[in-house]
Structures are given as structure tokens and as C-alpha cells.
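Here are my notes on this one, point by point. Have the structure open while you read.

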Amino acid sequence: MPPRRISRDGIAQRSNGTNCSVAARGALGGMIACMTTGLSRVATMMLAPALTCTALAATHPRDPARPSAPIQLHVDLTDAPRHLLHAHEVIPVTAGPLTLEYPQWIPGNHRPTGPIDNLTGVFVRANGQDIPWRRDEVDMYGIHLTVPQGVTSLEVSLDFLTVPGSTGSGENGSTSSNMAVLEWNCVVLYPAHIPVADIPVTPSITVPEGWKFGTALTPAGSQDGKQGSFQTVSIETLVDSPLIAGRYFREIPLAPDITPKHYLDVAGEASEDVEFPPAVLDSYSRLVREATTLYASHHYETYHFILSLSDTVRPEGLEHHQSSDNGLPEHAISDEAQRPLRASLLPHEFTHSWNGKYRRPVGLATPDYATPMRGDLLWVYEGMTTYWGDVLTARSGLITPEQYRDTLALSAAGLDVKPGRTWRSLEDTAIAAQILRGNTQNYSNWRRSQDYYPEGELLWLDADTTIRQLTHGQKSLDDFCKKFLAIGGNTPPKVVPYTFDDIVNDLNSVAAYDWRTFLTERLTSHANHAPLGGIEHGGYKLVYLDQPNAIEKAQTTIRGGVDAYYSAGLRVGKDGIIDDVRFFSDAAKAGFAPEWKLIAVNGLGYSDDDFKRALRTAKGASEPIECIVSNDNHYRTLRLDYHEGEKYPHLERDPSQPDLLADILKPMVPAAAK
């Protein structure tokens, strides 16, 4: 699911926060108007005149000059086990009106999720005196104050609550008794109306006794165990450089033959959590080599896979330029049954360093964290990343080709039976990302969700197989990557924005074709079924059999319940609670609804096995399945008139087509390169 260092080659940034792309505009680029930061931060206030401090008069703060000295930021993690972070800043200032800003549009979240609801204990002082401040009445992320004459720096202290289950983004639930994951955006305020790439900050931390830490930030001076200090960076780079600390922590070098250097920084809830099987570490090193070959470039100076293994710390997957924040259940690596189910997380977030961080849609390449983002090209940002993340997962040996096909079958089937496709296009799922993220999955088949991930994957698989067919196997989407993601060669972290026209032009440079129509038809389609051309051109068919494939079987073993989604049209979770009902299915016609509870099936108290047995028994029969359900403690009997047995998605080999999927999944780096 984020940005750093906006290159002057790609973005012209004005002091008032205006962001104008100077990249090739093309058809879509011409529609992208320059936007001021939050409409001048909503006239910077509309401050009420009735203030106790006349210094907080309703005036528009002038755009401040670029800071000549860095902000000093210290974060104390010693209370992390209590779900508390303490921060202290020294911010260089000049006398006069000032707005301090808290990050709102967190890169990679594709919506305004800055967790300001958990920001607390904010005090501003100068020369030992409290400085009064007032929150913007429209923009909750800005606070206004007046710096007194003679004051050259402000001291700001604040606390951040990481209580699990609270609202906001991935910073919540980011601590446990044994570890903490620090996304710096949750503990920093900085002067508004300045591009974040132009605001320097010198960060430092304190960790609990006995803890160690890892980050892509460069250390400054010696580290004394509990204390860590880092070289001065921009606010942009700081927010792009998460830190992990823990009692049980290891930093593991990966692919030592590759430059720049790559590390796995992992913290667990127990010492055995950070002891990885050698084969897994070998696959992570192979991942680095495969990505290096595929993308033919690096746009970072070092790379850190940050990984938390915990059932307490929130699950996470957030991309950064020189690192990624990955959160998995405690035994997701050590348990062989769980391992393939989440194996694509690190390859996905790693791919984002190229696709999403370096090459970024122009609508997401904003100069600060106040300017709203536009997600119309998320089918590239996330969809192509999903495609390549899954392919790299197989190429690096983290999953087998069979497991790749099983996963793809489940993803494609979920889209193929989604009636919401008839009213909401793939393109609209991207444009509407900020209102689709985080929603309940109830009736998601009718609402649609973040389908720019899985349907974007199908689109790019279709593009890959089309290129292979057009060029008789001489070229593929690999060649597109080398052009699109390696532009400029090896670089430090920076952003090179792109438009829809850039995608079309680079595809045409690989294989001449009407790519504009190819993409537009898939983006705007309201077809009832998913675009399965890539699977079919790849030599397979989506079919439904009466036994789940291996990946679905493993998923069901872990989560419990019954997946009758592709048959009767409902998915049952633990304890008989209905997770979702597919619109227009037999279950929907019978009256089932999400969150209801199955109490009995055909006169017997509900069990997963009895429900599956009822589905099998009803096949070819005439009598409906009789179910007693509870809705808020109101009971009713529903008659499920379904008679086609169990159905589970699989990919079946089509011998009339070449096996292009097998070609796509072949490793590019020989195994001897260990």
C-alpha cells in the first residue's frame, strides 16, 4: 500500500504549496490542474475573532521561508509497551503568524488517514513560556499560533497513542510488550505551506533497555544501545523511513553479492520468531536478485525489509522508497501451512520501491501531506505491483507455480462473480479509493472494494500475454518494466511522475498495438464477468470443482467456516456467522444477509461439516436446504433452493494454448547465483 524526495525533474513546487507536473501531460495530464495546498489551507483558517489572545487574530499566515536549520526531533519509545510514544521537537522559527501541520494524506494509504485522533498532549513553548495555539476550524490537521518577537525556536512536546483497535491508519496498534514499529508521521509537526522535501529534520530515538532497532535512516555517530541518532534528512525522507525496535530483533543481510545492500530487519514476540528457516532466507535473497534483474535499476541507497511478527501488533503492508513496513502474524513464517498464504507481502512492497515510489502517478505526486491525492492510476500503482509482486513471489521460490495458480484462481473467481462490476468500473474503484478503503466487506460484491489490486493484476497479466503473443515470445512485460521503471538508470530516492499517455507510449515502444483502446476498454468495462483473457492466453481456464484448491483449503483451515460463495452464494465464518452474501445468488434470493448467524441446517444444530454435507446432499435433489438463522436474536427459517453441490475455483490447463504462465514464472536468475 507511499513517497519521498520529490525530484525537481518531475515536480515544480511553489512556496505556496502549488504542485504542477512538468512531466509529459498527454490526454490525462492536460486535465490535471495545479492545486494549491488545501485551497490555501481553507483560507488558512477562518479564525474566529473571539480569541482570548489577540495575537491569534484571523490573519492569513504568510508563506514561511525555507528553514535554514533543521528541526530537532526526539522520539522516546520507552513507554511503547504501554502504547504510548513521546516526542519532543525544536522547530526553528521567525516572529509572526505560523501554522504547524500534522501529516494527513499518508503516502501509500491513498486516503487522508493521518491518525490525528490519537495525537495528544500537544504543548508549544518558547523561552520557558507557553505559546497559545488554535486549531483550524476546517482543517483539523493545522494549528495556528503567533511567534513572539525575539523567539527563534519553538519547543513542541506531544504524545501519540498506539492503542490497538483505535481509529486512524496503520500507526495504531503498532506496539506491544516486545516491539514497536515507528511511522514517523505520527509524531511530527512542521511549518505548513512548504514542500516537505524542503524541510530538514534531525531525528533521534530512545528505546527500552535491551531493545535493538533497524531503519533505512543513516546513523549519525555512535549508538549507545538505548539511544540512536540519525543524519539530517527532509521531512519527506523521514516519513518515508519507518523504524522497528524490539526485545527480540535481528538484522539479516540479504543477497550480499548485490549492491546497494539489502537487509531484513525483523522483530518478534519471542526469540524463536526471528530464527528463520534457511530456505526462507535463501528465497528472500533470491527475491532481491530477481527484482534487480527484472527492474534493471535501483532507486535507493540501501533497502530494509522491516518485518514485525506478532499477533498483537497490527498487520501491515506499507511501501517506502528505501524500506517497507511489513506486519504478519507471529507464526506466519515459522508455520509452513501459513507461509504461502502471506508470502507475497514482502515482494509486493519491495516492488513499490520502483512502481509507486520512484515512478508515481502524477495525481499521487503531491508536494506535501495536505494536498489531496488523486488515484485514477492506482490500477498501475497497485495493480501492476500486485502482478509483479505475485510473479516475483513464485520466481524467488517463496511459493510454487501451483500455489501461484491456486491464488490467481481465487482472485479471478472473486472478481468473476462480482455483480458490482455492472455499475462500478475498474477505473472508478481507483478514483474512489479513499472511500472504498477500510470499508466492511459486507456486500462488497455489490459495492466493490479496492479491485484495482486484483483486477489490475488481471489487466497486466493480459498485457503480458498479449505482448508475448504479438512478438512470438521475443518480448514480454519484463521489457516494459526495464523501460518504464528503469528510466534514468540507478538513482537515489526521487519521484518521476507519469500519466496515462506515458503508459501507452512505453507499451507501444515494446510492441506496437492499440494499447490505448486495450486499456480503456478494460478500465471502463461494465461486463458482468471479470477480464480473464490473460489467464486464457496464458494457457489456462477458470473452472469450478467440488474440492477446494490447496491454497483455499489452507485459508479455510486457519479462519474456519465454509466458503459457499461460488456455489450457493454465501461465505460463513467462525461460529456460523455469515461474512458475506453474493447479490443475486440463491442465498440472496432465499433472504440471507451478512452478520446473521446460522443456527441449524436441515434440523441439526449448525456445524461447518453439516452445512457442507447439506450442499452435497442437495445436488440434483428437489428439496431446498432448510436453515434457521438468527438476526439480532430474531429467528426465522429460510429455504435455500440450491442444487449444484460444492464449487471451488481452480485453474485448469488448456492444452490448445501454450503454457505462457509457466514461462512468466520461470526464474530469471540461475539458482547457482546464491
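1. Surface first. The protein chain has an accessible surface of about 25,300 Å², and 52% of that belongs to carbon and sulfur atoms. Keep in mind that this is a predicted model. The chain has 674 residues, 59% of which count as buried. As for secondary structure, there are 20 helices and 33 strands in the protein chain.

2. Next, β9. One of its partners is β5 (residues 96-101): the two run antiparallel and are joined by six bridges. Within that pairing, look for leucine 98, which stands opposite leucine 145 in β9.

3. β9 also pairs with β8. Strand β8 (residues 134-135) runs antiparallel to β9, with two bridges between them. Arginine 135 has isoleucine 143 in β9 as its bridge partner.

4. Now a loop residue: is serine 297 buried or exposed? You'll find serine 297 in the loop between α4 (278-295) and β20 (303-309). Its relative accessible area is 1%, so serine 297 counts as buried. The side chain of serine 297 reaches the backbone oxygen of tyrosine 295 at 2.9 Å. There is also a polar contact of 3.1 Å between the side chains of serine 297 and histidine 299.

5. What else does serine 297 touch, leaving aside its neighbours within four places in sequence? The residues in contact with serine 297 are then Thr292, Trp354, Leu485, Ala486, Gly489 and Asn490.

6. Further along there's a three-stranded open sheet, ordered β26-β27-β28 and paired antiparallel. β26 (562-564) and β28 (578-581) are the edge strands, each pairing on one side only. From one strand to the next, the twist averages 5°.

7. Zooming in on that sheet, β26 and β27 (residues 570-572) run antiparallel and are joined by three bridges. Aspartate 563 has arginine 571 in β27 as its bridge partner. As a reminder, strands of a sheet pair through backbone hydrogen bonds, either parallel or antiparallel.

8. Last, the helix on these strands. Helix α19 (residues 608-617) lies across β26 and β27, and runs at about 25° to β26.

Technical notes: Residues are numbered from 1 along each chain as its sequence is written. This is a predicted model: local features need pLDDT of at least 70, side-chain atom pairs count only at pLDDT 80 or more; totals for chains, interfaces and linings use all residues. Side-chain values use heavy atoms; hydrogens and water are left out. Helices (H or I, at least four residues) and strands (E, at least two) are DSSP runs, numbered from the N terminus. Buried means under 20% relative accessible area, exposed over 50%, partly exposed in between (1.4 Å probe, protein chains only). Accessible areas come from the Shrake-Rupley method with a 1.4 Å probe; for residues, only the protein chains shown count as cover. Two strands pair if DSSP finds at least two bridges between them. A polar contact is a pair of N or O atoms within 3.5 Å; within protein, one must be able to donate a hydrogen and the other to accept it, and residues adjacent in sequence count only if both atoms are side-chain atoms. Contact means heavy atoms within 4.5 Å. Axes are lines fitted to C-alpha atoms, for helices over the stretch in contact, and angles run from 0 to 180 degrees between N-to-C directions.
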